[in-house]
Amino acid sequence: MRVGGELRDLATEVTESDTVEPVTIDSEEGLSILRHSAAHVLAQAVQRINPETKLGIGPPITDGFYYDFDPAQPFTPEDLRLIEKEMQRIIKQGQRFVRRVVTEEEARAELAEEPYKLELIGLKGGAGDENGESVEVGGAELTIYDNIDPKTGELCWKDLCRGPHVPNTRIIGNGWSLMRSAGAYWRGSEKNPMLQRIYGTAWPSKDELRAYQTRLEEAAKRDHRKLGKELDLFSFPDEIGSGMSVWHPRGGIIRGEMEQHARRRHIAAGYHYVYTPHISKEDLFWQSNHLVNYKDDMFPAIHLDEVADDDGHVVKQGQDYYLKPMNCPMHILIYKERSRSYRDLPLRLAENGTVYRYERSGALHGLTRVRGFTQDDSHLFVTPDQLQEEAGKVLDFIISMLRDFGLTDFELELSMRDDEKDKWIGTDEFWESSTDALRQVALASGLKLTEVPGEAAFYGPKIDLKTRDAIGRVWQLSTVQVDPNLPERFELEYTGADGEKHRPIMIHRALFGSIERFFAILLEHYAGAFPVWLSPVQVVGIPVAEQYGEYLDGVIAQLHERGVRAEVDHSDDRMPKKIRTHTKAKVPFQLIAGEDDRAAGAVSFRFRDGTQLNGVPVAEAIERIVGSIDAHEQVSTAWTE
């Protein structure tokens, strides 16, 4: 339950004056509590089997939970089966979760044999969520949760934990499963020991667990890394380095279509494309504050420009250069290059700018988490009076663009300031006006809106757009971020209608987020079967026999004249094998021609799902193909008349 807005165990004593709200197990908060409770059962089971195993942390995560351990030996699949059986016994026993407040000295005494817990105790009140420490000591006081035998009242196990938990282990039920184990650095740092992490999932019912497992199976089939290899789209050569992709010709076609379509739409919407270098002197990133807040996420400096004489004495000091982690500082310099008037605003700058982040090797994942990626970045400079209208145009533009790519299910999240006064910069008036501007923009969209206090950047509120893909997964894509901070740091100005100097507000806007990640999302959304306009090969001609190849060459030539990516398969393979090959390659249209088709000046269509449409006149076939491209249609089955 929530008591006065705070999550509490159901055993908490309340008074008549308290405001109490229920937390159901199928809510977002309820699922987190269920999963965190399952993580405790996992840890108890591990220590029952091997009491010498040391405990790390065990937070809930999206769709599940994990717990980090320091065992004598890495876990094996057989170990996981034994742990699951022990977890079943603990759950069936119905042990009660009992909260107990302790002092730091008491916690250290009780957990003297748990070195990782002892390290966390010193973080009381200051642990962040990034590595899961807040589930242990994120509150203002230290608490231990005891697992109590319901029949004897004896202590079964205990763990340092902030809570809350379900009342007893039986409530966890049978909608859970262990998934896998993997290595993980303690608290996410490569400087720390490597621990063993066991992942699990938990749901309110067995049926929901099975539905989730089905989604996982479908996701595995759609894994963009697997499809990228099968469809010859991209790769990650070891010779280049971890997290660095190269795009093959077919992948390059899709990416090119994405970028060109976006470019046309941006120019029509009043954006100006700019180009900036990949590297800069460090002073720029000191001024933008990246080297203060994000240095650990940037690649090391490159020392250049040092000059030495013949004796090796330095006569000119060198400079440190950095690969850029973001494009915004360079766009700011473009704005600052000359004086600006209110008549110049809003100024909309756009760039497909490649940036570089030093992602830890364990965090890299295909195209969705890389070290070099291209942001479809835009920065808008507006007057305060233009903020709401321009933010509304940006959000409408984002939604319209994503619909062009076949995504239709959206929701919004508004990240706002909370009441912690020392965390935020800027006036109360700015926060109130800018937050309300974004709120009005979000409400006007008609999309579901969730407001999240405390999640804003320290300098301004933002809207995040999330989309649901074909198998129900939610992806966070585009962001509209209000920023008065960088204009202040770089002393940006414009001359107002009153003749006075004023400070503009920046809007950071990434539509795709990164082109690589968005490509991966689309690849999985469509399971590789892209809409016709994005397909690398849109049409393949397949002659029934060799003598009909020349006829199909003529048809394909007409398609080429209309800009269609088309080819004829003149290989020595038999027709059925050609059909299988191009079906596996997910080509939208196979045009088959034999004697009847040639005699009638027609072709027969074969579609991705195996359906056919026979005897279509060539002119009509061409118009249908071109029409499906122009309309951005997804064609997988035969058209109905």
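**Starting with a helix**

Biologist: Which residues of α16 are buried?
Modeller: The buried ones in α16 are G549, Y551, L552, V555, I556 and L559. Buried means under 20% relative accessible area, exposed means over 50%, and partly exposed is in between, using a 1.4 Å probe on protein chains only. Keep in mind that this is a predicted model: local features need pLDDT of at least 70, side-chain atom pairs count only at pLDDT 80 or more, and totals for chains, interfaces and linings use all residues. Residues are numbered from 1 along each chain as its sequence is written, and side-chain values use heavy atoms, with hydrogens and water left out.

Biologist: What covers the buried residues of α16?
Modeller: The cover includes strands β29, β30, β31 and β32, along with helices α18 and α19. Helices (H or I, at least four residues) and strands (E, at least two) are DSSP runs, numbered from the N terminus.

Biologist: How far does α16 reach?
Modeller: Its 13 residues, 549–561, reach 19 Å from the first C-alpha to the last. That is close to the 18 Å expected at 1.5 Å a residue. The expected span is 1.5 Å times one less than the number of residues. Just after α16, G563 takes a positive phi of about 85 degrees.

Biologist: Now α13. Which of its residues are buried?
Modeller: F430, W431, S434, T435, A437, L438, V441 and A442. Down the axis of α13, they fall within an arc of 155 degrees, so they line one face of that helix. The face turned away carries exposed E429, E432, L443 and A444.

Biologist: What do the buried residues of α13 pack against?
Modeller: Helix α12, plus strands β22, β23, β24, β25 and β28. After α13 comes G446, whose phi is positive, near 80 degrees.

Biologist: You named β22 and β24. How many bridges join them?
Modeller: Six, and β22 and β24 run antiparallel. Two strands pair if DSSP finds at least two bridges between them. One example is L414, whose bridge partner in β24 is I463. Another six bridges join β24 to β25, also antiparallel. There, R468 stands opposite V474 in β25.

Biologist: How many residues lie between the strands in the hairpin of β24 and β25?
Modeller: Five, and G472 in that hairpin has a positive phi near 90 degrees.

Biologist: Where is T479?
Modeller: T479 is in strand β25, residues 474–483. Its side chain makes a polar contact with the side chain of D464, at 2.8 Å. A polar contact is a pair of N or O atoms within 3.5 Å; within protein, one must be able to donate a hydrogen and the other to accept it, and residues adjacent in sequence count only if both atoms are side-chain atoms.

Biologist: What else does T479 touch?
Modeller: Not counting residues up to four places away in sequence, T479 touches K462, I463, D464, H508, R509 and A510. Contact means heavy atoms within 4.5 Å.

Biologist: Change of topic. Is R222 buried or exposed?
Modeller: R222 counts as buried, at 13% relative accessibility. R222 is in helix α6, residues 206–222.

Biologist: How far apart are R222 and A527?
Modeller: They are 305 residues apart in sequence, and 5.0 Å apart in space, C-alpha to C-alpha. A polar atom of the R222 side chain also lies 2.8 Å from the backbone oxygen of E524.

Biologist: Zoom out. How many helices and strands are there in the protein chain?
Modeller: 19 helices and 33 strands. The chain has 641 residues, and 48% are buried.

Biologist: What pLDDT does the chain average?
Modeller: It averages 93, and 98% of the residues score at least 70. pLDDT is the predictor's confidence in each residue, from 0 to 100. Over residues 125–129 the pLDDT is below 50. Where pLDDT is low, the predicted coordinates should not be read in detail.

Note on methods
The arc is that of the directions from the helix axis to the C-beta atoms.
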